[in-house]
Amino acid sequence: MTNVAGPESVPSPELSLAAEFPAPEREQWQELVAGVLRKSGRLPEDFDGAPESKLVTRTYDGIEIQPLYTRDDTAGDLGFPGLPPFVRGAKPEGVVSTGWDVRVRHAGSDPKVVNAAVLADLEGGASSVWLRLGEGALPVTALAEALNEVYVDLAPVVLDAGTEYEAAAQALLDVFAEREIPASAAVGTLGADPIGVTARTGEAQPVAPAAELAARVAAKYPKLRTLVANGLPFHEAGGSDAQELGATIAVGVAYLRALTEAGLDVDTAAAQLEFRLAATADQFLTIAKFRAARRLWDRVLEVSGAKPAARGMHQHAVTSPAMLTQRDPWVNMLRTTVACFGAGIGGADAVTVLPFDSAIGRPDAFSSRIARNTNAVLLEESRLGGVIDPAGGSWYVEKLTDELANAAWAEFTAIEAAGGAEAELASGALAGRLAATWEKRAQRLATRRDPITGVSEFPNLTEKPVQREASHLSTEDGGLPRHRYAERFEKLRDGSDAYLAAKGERPKVFLATLGPVAAHTTRAGFAANLFAAGGIEVVNPGATDDLPGAFAKSGATIACICGTDAAYEEQAADVAASLGAESVLLAGKGRYDGVSGNIFAGCDALEILTGIHAQLGVSA
């Protein structure tokens with residue numbers, strides 16, 4: 001065999017693969033963009049602005065996401081990992097040697113069942129335990145039993161006990177004492193969050209007792225944290241990333257003030273705090289959120305007089321409960337994987353992946369194992385923790401981090417100017433801003449500009465709903481609301497299921513297809529997908545010359561005309577009149593006699609589907 005890869009074929013180190021090509025200019029790229037946009041009809045011939053401006057999108061904070069970022073978009077000197085402003089990470093070594101803390105949440109009420117699940121998680125790769133205690137969850141008095149055979153000096157325990165945080169804290173301290181764990185070796189988070197309870201319930205909780213508890217704990221247990229500044233109530237209320245960050249930092253400042261008033265110096269007080277933030281399926285915003293959060297908290301501690309080494313932020317990422325769906329919940333595995341990825345890349349210290357069935361009820365053993373293994377795959381197989389600040393140097397991420405930090409700082413300073421987090425919750429001003437953002441989000445969800453795969457896009461009407469034991473998690477606690485992005489579409493699906501159970505068939509719409517299959521299939525497919533999002537089946541006769549007869553046989557009372565624009569001009573009005581339907585929709589934007597409404601990309605699908613349900617007598 002001839003050796004075709006001899007020494008003479010080895011590339012020179014100085015070889016540049018682009019040496020034979022001219023350097024591209026931005027103007028050339030703009031010309032290409034303009035050509036594509038003109039072909040798609042998105043760029044008028046007389047448009048004299050930058051063509052790429054037609055590709056700009058905006059976040060709920062008004063941040064413009066450009067289609068292209070270059071070295072001109074750098075955000076200045078960001079320092080080094082482990083040093084202020086900590087954008088690049090709270091620790092100089094990152095998580096290269098340890099990986100992030102894989103934190104698993106348990107909300108069961110039976111201590112034996114919880115104990116078995118905790119042990120299984122720890123054996124399967126979890127590194128810390130997050131326990132919900134109190135009403136509807138594990139009784140505080142059963143904490144020791146739930147932690148039986150758990151090495152609490154090696155696997156930190158994080159408590160979430162609502163108003164019972166003092167009793168829960170004492171129960172955990174008693175466990176340390178009973179097992180003769182030195183105070184210097186005790187690790188974990190006691191989870192006191194009175195402002196978070198206020199946000200959840202609407203009932204004001206005093207902060208001073210939590211600060212006094214922290215002062216006692218800090219004096220004896222140097223590795224225990226007492227307080228959690230929890231951003232999830234603001235996130236689940238529909239808030240934007242900047243609103244969540246600004247409000248969470250404001251809560252942290254409120255706790256910092258209370259801790260120093262309780263006698264702690266600012267460095268010790270800062271060490272008593274942990275911050276909990278949502279990680280979403282928008283991976284870039286999630287990465288930017290955790291990087292920006294460290295920068296914001298560093299600035300707060302800097303002006304508070306903390307030493308540089310004490311200004312790091314301990315972050316706990318939780319995959320967003322708001323993004324989880326009850327319908328087609330298997331897709332949640334993909335959402336939480338992307339969210340976990342974003343949190344890990346963003347530098348979160350601990351990550352909790354919620355099981356895919358969390359929105360339905362208590363997770364089962366399978367979903368819990370998949371959630372735990374999501375971390376394992378990203379850490380062990382994808383090696384995401386093997387690089388310190390892997391997003392560093394990305395012009396897009398750096399610019400987005402900077403813009404998000406500035407937007408969040410504006411929210412934070414507005415809260416502080418109004419008297420702080422407690423005052424903003426008491427007045428309802430913060431709730432009002434969150435509600436306004438939720439309304440914008442709800443509109444984008446309704447029009448499917450923010451699509452929900454498996455629910456508002458590509459739903460599967462034949463899927464069997466997943467059943468789980470109720471989790472006793474109220475969505476109407478009296479405080480900030482808990483929203484899920486899919487909730488309104490899923491209510492329509494529930495109505496369809498009830499209709500099916502009562503009548504033996506689902507609500508349906510007849511597709512009046514014009515011309516051969518090739519002429520109507522695109523819009524017929526679009527219509528079928530949209531109607532399925534409301535649990536509505538379609539009757540598609542295909543290519544037929546007898547649409548009135550096919551409609552009569554279908555048993556439907558509502559029709560939707562599907563075809564080309566040219567076919568609409570010639571036939572839409574006549575077909576609408578011939579069907580004898582109670583109402584006729586049209587897949588497209590044209591207006592014709594007999595057509596009562598239109599469906600098209602960007603239409604308010606939720607409003608249309610709700611109207612059809614009302615016409616057909618469908619109710620959840």
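Biologist: Is the crossing of α10 and α13 left-handed or right-handed?

Modeller: In this predicted model, the axes of helix α10 (residues 283-303) and helix α13 (residues 395-417) come within 8 Å. They cross at roughly 55 degrees, which makes α10 oblique to α13. The crossing of the two helices is right-handed.

Biologist: By class, how many nonpolar, polar and charged residues has the contact of α10 with α13?

Modeller: On the α10 side, the residues that meet α13 include F284, L285 and I287. On the α13 side, those that meet α10 include Y396, V397 and W409. By class, the contact comprises 15 nonpolar, two polar and six charged residues.

Biologist: Which strands stand at the edges of the open sheet?

Modeller: The sheet has five strands in the order β12-β11-β13-β14-β15, with parallel pairing. From one strand to the next, the twist averages 35 degrees. An edge strand here has a single partner strand, so one of its sides is left without a neighbour in the sheet. The strands in this position are β12 (537-539) and β15 (597-599).

Biologist: Which residue in β13 is the bridge partner of A512?

Modeller: Strand β11 (residues 508-513) and strand β13 (residues 558-562) run parallel and are joined by four bridges. In β13, the bridge partner of A512 is I561.

Biologist: What angle does the direction of helix α19 make with that of β13?

Modeller: Helix α18 (residues 547-554) lies across β11, β12 and β13, at about 170 degrees to β11. Helix α19 (residues 565-579) packs on the sheet and touches β11, β13 and β14 (583-587). The angle between the directions of α19 and β13 is about 165 degrees.

How values were computed. Residues are numbered from 1 along each chain as its sequence is written. This is a predicted model: local features need pLDDT of at least 70, side-chain atom pairs count only at pLDDT 80 or more; totals for chains, interfaces and linings use all residues. Side-chain values use heavy atoms; hydrogens and water are left out. Axes are lines fitted to C-alpha atoms, for helices over the stretch in contact, and angles run from 0 to 180 degrees between N-to-C directions. Angles under 35 degrees count as roughly parallel, over 145 as roughly antiparallel, 65 to 115 as roughly perpendicular and the rest as oblique. A crossing is left-handed if the near helix is turned anticlockwise from the far one by less than a right angle, and right-handed if clockwise. Contact means heavy atoms within 4.5 Å. Ala, Val, Leu, Ile, Met, Phe, Trp, Tyr, Cys and Pro count as nonpolar, Asp, Glu, Lys and Arg as charged, and the others, Gly among them, as polar. Two strands pair if DSSP finds at least two bridges between them.
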